[in-house]
Amino acid sequence: MNYFRLELILDKSGVSQNLKELIMSTKRRNYSPQFKAKVALAALQNNEPIAELAARFGIHPTMINNWRRALIDSAPDIFDKGHKSRKQNEAQVDNLFRQIGQLKVENDFLSKKLSL
C-alpha cells in the first residue's frame, strides 16, 4: 500500500493529521565526516563484528561497510604527496573541456560571419 492510498484511507477516518505529521517528520540523518571516519576505522580494526559495531553506534551495518570501503578506496590518496588529487585533476579536465567547447562555438560563429 503506497503512501497516497494510505493518506486517502486515513482522511476518511479523521486520524490522518497526526499520522501524516509522523510520516512526514522522518528525515535522513547526516553524519559528520569525523563520525564516519571513527566508525570506518573501528570496522577496519576487526575487534568487533559489524553487527556489534552497528548496535554500538546506532547505524545500519550496510552504512558501516560502505564507509569502510570508502576509507580503503581513498587511503592511497592520503599518501600521494606532490601529486594533485584525483578530484583536482578531474575538475581541471572538466574546465579544459568547457573552454574547448566555448572556443569551438566562437570559432564556428566567426567563420560563418566571415563567409557572409
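Helices here are DSSP runs of at least four residues, numbered from the N terminus. The views below come from a predicted model.

**View 1. Asn-46 in the loop between helix 3 and helix 4.** The relative accessible area of Asn-46 is 61%, so the residue counts as exposed.

**View 2. Packing of helix 4 against helix 5.** Two packed helices are described by the angle between their axes and the distance between the axes. For helix 4 (residues 50-57) and helix 5 (residues 61-78), the angle is about 105° and the axes lie 9 Å apart. Helix 4 is therefore roughly perpendicular to helix 5, since angles of 65 to 115 degrees are classed that way. On the helix 4 side, the contact involves Ile-50, Leu-53 and Ala-54; on the helix 5 side, Pro-61, Ile-64 and Asn-65. By class, this contact has 5 nonpolar residues, 1 polar residue and no charged ones.

**View 3. The salt bridge of Arg-56 and Glu-48.** Side chains of opposite charge can pair when their charged atoms come close. Here the side chains of Arg-56 and Glu-48 meet at 2.6 Å, N to O. Arg-56 is partly exposed at 49% relative accessibility, and Glu-48 is partly exposed at 24%.

**View 4. The salt bridge of Arg-69 and Asp-73.** The whole structure has 2 salt bridges. In this one, the distance from N to O is 4.0 Å. Arg-69 and Asp-73 both belong to helix 5 and are 4 residues apart, about one turn of the helix. Arg-69 is partly exposed at 41%, as is Asp-73 at 47%.

Terms used. Residues numbered from 1 in each chain as written. Predicted model: local features only at pLDDT ≥ 70, side-chain atom pairs only at ≥ 80, totals over all residues. Heavy atoms only, no water. Axes fitted to C-alpha atoms, helices over the stretch in contact; angles between N-to-C directions. Helix = DSSP H or I, 4+ residues; strand = E, 2+ residues; numbered from the N terminus. Parallel < 35°, antiparallel > 145°, perpendicular 65-115°, else oblique. Contact = heavy atoms within 4.5 Å. Nonpolar A, V, L, I, M, F, W, Y, C, P; charged D, E, K, R; others polar. Buried < 20%, exposed > 50% of the residue type's maximum accessible area, 1.4 Å probe, protein only.
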